[in-house]
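Please examine the sequence and the three-dimensional model shown below. The paragraphs that follow lead from the ligand site to the nonpolar cores, and then to individual residues.

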Amino acid sequence: MTDSDHSSGNNVGDTDDSLTVREMIEQAGEESVFRNRNLVEPDTIIDRDRIVGRDDQLRTVVSNLRKVLNENRPPNLLLYGPAGTGKSLIFDAVARQIRDISKNRGYEFGTLRINCQNLRSLDEAVYALVREAAHDLNEEIGVARHGVSTSTKYDRLYDLLDEGYDSVVFVLDEIDLLLGRRSSSSEPAYSDLIYQLSRASIESIDIQVSVAALTNDPEFMNNLDARAESSFNPRDIPFSDYDANQLQEILRNREDAFIQDALSEDVIPLTSAFAAQSHGDARKAIDLLRKAGDVANENGDLTVTENHVREAQEDVETDRSLKLVEGLTTQKKISLYATAAVAEFGKSGSTTASSRVAFPVYQFLTDVLDADGRTRETFNNYVREVGTYGQLDHERKSLGGKQGGGMYLMYEFKRDPGEIKKRLEQDERIADLSHHEDGLKRVIQAQKRNFAEN
Ligand SMILES: Nc1ncnc2c1ncn2[C@@H]1O[C@H](COP(=O)(O)OP(=O)(O)OP(=O)(O)O)[C@@H](O)[C@H]1O
Ligand SMILES: [Mg+2]
């Protein structure tokens with residue numbers, strides 16, 4: 001059987017036989033361009049025959065990790081290169097096989113992986129490693145998350161490892177993001193973590209331990225402090241961007257995700273061209289191909305065409321610009337939320353909002369949230385500024401005789417204001433507003449009547 005039998009990822013083989021019962025139930029009776037959609041999902045574990053290029057990296061990882069099979073400690077590794085260039089893929093594919101072979105020989109080799117992106121401190125990283133080890137070994141975590149020192153967590157980690165394994169590689173993904181709470185004088189948390197873990201074999205633990213760090217930052221080693229650098233002292237394994245031809249080949253190797261002849265001729269070249277243009281990231285190329293298939297399905301089409309790819313690509317771009325909204329300050333988010341609500345709750349399909357209506361609505365929202373209220377002018381500056389992110393345009397208008405004359409701004413959203421509101425509600429400070437929709441609608445209607453608009 002395949003190497004994925006012992007892994008926790010989705011299992012994928014070459015034929016429909018490999019579908020789980022659940023997948024068969026889910027797919028049965030629904031017309032779809034997909035035969036095995038898993039194959040174009042980002043985290044699916046793939047077999048060697050689907051890996052394109054990367055022979056050098058594979059060989060290097062194999063020759064280093066296979067030391068485990070002679071019960072030697074593998075050297076520390078640093079895998080670096082841009083996103084989606086196969087770092088995790090190559091490392092995991094080799095580590096999984098080594099683990100299987102060692103297990104058969106009665107030698108327990110484990111990899112403990114953490115992604116540092118969401119970890120804010122050294123303490124959280126060590127706790128995450130304890131949790132990984134406990135989970136892998138089916139043991140209790142055995143240490144509190146809060147209120148105990150980091151060194152107590154290290155102790156628990158080393159106890160778990162000593163009991164459960166003969167050899168372990170710590171896989172520190174996105175290591176450069178583990179900065180920790182830095183005071184100006186202190187080193188980033190990753191320096192400390194790498195230093196401790198790469199010395200563990202010498203000082204704290206009987207089994208063999210090494211460290212594999214994965215990063216997008218080619219300069220990573222320059223940021224390590226001297227003592228971490230010298231105890232880590234890794235073997236470098238660089239990964240480079242894929243070009244359009246390599247991306248095409250990667251996608252061709254997954255064509256059997258689709259039913260026969262479901263992909264029209266131009267689909268893979270176009271998908272690869274889009275992906276190569278903006279990044280050379282295989283994950284994005286695969287995502288785009290899957291999305292094109294989803295678009296075809298949504299339209300009830302049984303072939304995927306160039307147009308589906310273009311539509312999927314537009315969606316990806318929309319999503320990116322909505323992401324920018326997430327980075328706004330709370331005041332700007334409230335201002336945008338008020339304006340989007342006025343547009344959304346206007347005439348059906350309406351995309352416009354007058355500043356005369358939106359400002360009092362903003363005032364209502366700041367009351368609800370117990371936030372500071374800014375002046376009308378500041379409010380308008382905020383909303384206009386969001387326009388520079390491509391969400392909306394504005395036009396200056398005159399009230400004429402109404403309301404004693406004066407000027408106001410008419411905002412026009414370039415995309416569904418409801419979608420923008422939903423995106424803003426992902427911020428927990430804003431999420432509360434979704435519970436005040438009735439009140440919000442009443443305020444909007446009252447304000448509209450006030451200004452005799454609709
Ligand atoms: N050479 C390749 N052949 C086939 N598929 C690939 C190849 N490289 C990457 N992929 C696929 O692209 C996706 C992303 O790859 P991977 O997770 O290894 O990227 P990464 O370099 O670890 O990126 P990141 O820095 O974002 O973690 C995976 O679904 C993987 O299967
Ligand atoms: Mg990765």
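**The ligand site and its surroundings**

An N or O atom in the side chain of Asn-216 lies 3.0 Å from an oxygen atom of ligand 1; a polar contact here is a pair of N or O atoms within 3.5 Å, where within protein one must be able to donate a hydrogen and the other to accept it, and residues adjacent in sequence count only if both atoms are side-chain atoms. This is a predicted model, in which local features need pLDDT of at least 70 and side-chain atom pairs count only at pLDDT 80 or more, while totals for chains, interfaces and linings use all residues. Residues are numbered from 1 along each chain as its sequence is written, chains are lettered from A and ligands numbered from 1 in the order in which they are written, and side-chain values use heavy atoms, with hydrogens and water left out.

Two further pairs involve the ligand. A polar side-chain atom of Ser-88 is 2.8 Å from an oxygen atom of ligand 1, and a polar backbone atom of Leu-89 is 2.9 Å from an oxygen atom of ligand 1. Of the 630 Å² of accessible area that ligand 1 has on its own, the protein covers 94% (Shrake-Rupley method with a 1.4 Å probe; for residues, only the protein chains shown count as cover). Helix H3 (87–104) and helix H11 (282–298) are the elements that give two or more residues to the shell around ligand 1; helices (H or I, at least four residues) and strands (E, at least two) are DSSP runs, numbered from the N terminus.

Around ligand 1 there are 21 residues, of which Pro-42, Val-52, Gly-84, Ser-88 and Tyr-242 come nearest (a residue is near if one of its heavy atoms lies within 4 Å). The shell comprises 11 nonpolar, five polar and five charged residues, where Ala, Val, Leu, Ile, Met, Phe, Trp, Tyr, Cys and Pro count as nonpolar, Asp, Glu, Lys and Arg as charged, and the others, Gly among them, as polar.

The largest nonpolar core has 44 residues, and those that touch the most other members include Ile-114, Leu-157, Phe-170 and Leu-172. Such a core is a set of buried Ala, Val, Leu, Ile, Met, Phe, Trp, Tyr and Cys residues joined through side-chain atoms within 4.5 Å. H4 gives the most to this core, with nine residues. Apart from this core lies another, of 32 residues, among them Ala-343, Tyr-362, Leu-392 and Tyr-411.

Tyr-127 belongs to helix H4 (residues 122–137). Tyr-127 counts as buried because its relative accessibility is 10%; buried means under 20% relative accessible area, exposed over 50%, and partly exposed in between (1.4 Å probe, protein chains only). Not counting residues up to four places away in sequence, Tyr-127 touches Ile-141, Val-143, Ala-144, Arg-145 and Lys-153, contact meaning heavy atoms within 4.5 Å.

Ser-167, in strand S3 (residues 167–173), is buried because its relative accessible area is 0%. Beyond its neighbours within four places in sequence, Ser-167 is in contact with residues including Val-68, Tyr-107, Phe-109 and Ile-207.

Which backbone feature marks Asn-138 although it is not a glycine? Asn-138 has a positive phi of about 60°, and lies in the loop between H4 and helix H5 (150–164). Asn-138 is exposed, with a relative accessible area of 72%. Asn-233 also has a positive phi, of about 35°, in the loop between helix H8 (226–232) and strand S5 (235–238). Most residues other than glycine have a negative phi.
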